[in-house]
Amino acid sequence: MGNRCARTPCCRKLWSCICCSSNKDEAQARSQHGPKGKVHPVTKIEKWEEKITEANNNGMILVVYFSAPWCVPCKKIEPVFKKLASRYPSMIFVTIDVEELAEFSDEWNVEATPTIVFLKDGRQMDKLVGAETSELQKKTAAAADLLLKKP
């Protein structure tokens, strides 16, 4: 079980929000607005299977953003995630609400939100836990570079 958050009641479930370790102002986190990208919400396992099959069949990387609506750091990183989805159309970006698909989130060992997982051929190639936007940008760029280097 995650630690109880000192700032918000976000740690109600198995997952914990990273907001206790975030030094950013909540208002700043909420006020960031990015362009809407090609982000696909996954609310059912069938949609997940469709997206992972699409990525695997086309040699694409699937970027999976596990979040929760009550998670303040998720609100901080979400606009960056959307912007990256627009910047890297050769990758598939999806969002999963950890409460909507709780068992599925458990299968992927999501213990805190936000968690972003990078998959290639159905296997995890990288993972980011927390709302470090610069790390998300670096990891996404590295994944895109990997696609460019494939034979």
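Here is a short tour, from the strands to a helix, some rings and one lysine.

This is a predicted model, where local features need pLDDT of at least 70 and side-chain atom pairs count only at pLDDT 80 or more, while totals for chains, interfaces and linings use all residues. Residues are numbered from 1 along each chain as its sequence is written, and side-chain values use heavy atoms, with hydrogens and water left out. Helices (H or I, at least four residues) and strands (E, at least two) are DSSP runs, numbered from the N terminus.

- Strand β3 covers residues 61-67, and seven of its seven residues are buried (buried is under 20% relative accessible area, exposed over 50%, partly exposed in between, with a 1.4 Å probe and protein chains only).
- Both faces of β3 are covered, with I61, V63, Y65 and S67 buried on one side and L62, V64 and F66 buried on the other.
- On the antiparallel side of things, β3 is joined to strand β6 (residues 115-120) by six bridges (two strands pair if DSSP finds at least two bridges between them).
- In that pairing, L62 sits opposite L119 of β6.
- Strand β4 (residues 92-97) runs parallel to β3, again with six bridges, and F66 has I96 as its bridge partner there.
- To get from β3 to β4, the chain goes through helix α3 (residues 72-87), and this β-α-β crossover is right-handed (with the strands pointing away from the viewer, the path from the first strand over the helix to the second runs clockwise).

**Helix α5**

- Helix α5 (residues 133-149) has 17 residues and reaches 25 Å from first C-alpha to last, close to the expected 24 Å (1.5 Å times one less than its number of residues).
- Its buried residues are L136, K139, T140, A143, A144 and L147.
- Seen down the axis of α5, those buried residues fall within an arc of 135°, so they line one face of the helix (the arc is that of the directions from the helix axis to the C-beta atoms).
- Turned away from that buried side, K138, L148 and K149 are exposed.
- The buried residues of α5 pack against β3, α3, β4, β6 and β7 (123-129) (contact means heavy atoms within 4.5 Å).

**Aromatic rings**

- There are six aromatic pairs (rings of Phe, Tyr and Trp, the last by its six-membered ring, pair if their centres lie within 6.5 Å; planes under 30 degrees apart are stacked, over 60 edge-to-face and the rest tilted).
- Y65 and F81 make a tilted pair, 4.9 Å centre to centre with 35° between the planes.
- Y65 lies in β3 and F81 in α3, so the pair ties together parts 16 residues apart in sequence.
- Y65 is buried at 1% relative accessible area, and F81 is buried at 0% relative accessibility.
- Ring pairs also link W48, F66, F104 and W108 into a cluster.

**A buried lysine**

- K51 is in helix α2 (residues 45-57) and is buried, with a relative accessible area of 6%.
- Leaving aside neighbours within four places in sequence, K51 is in contact with H40, L62, I92 and V94.
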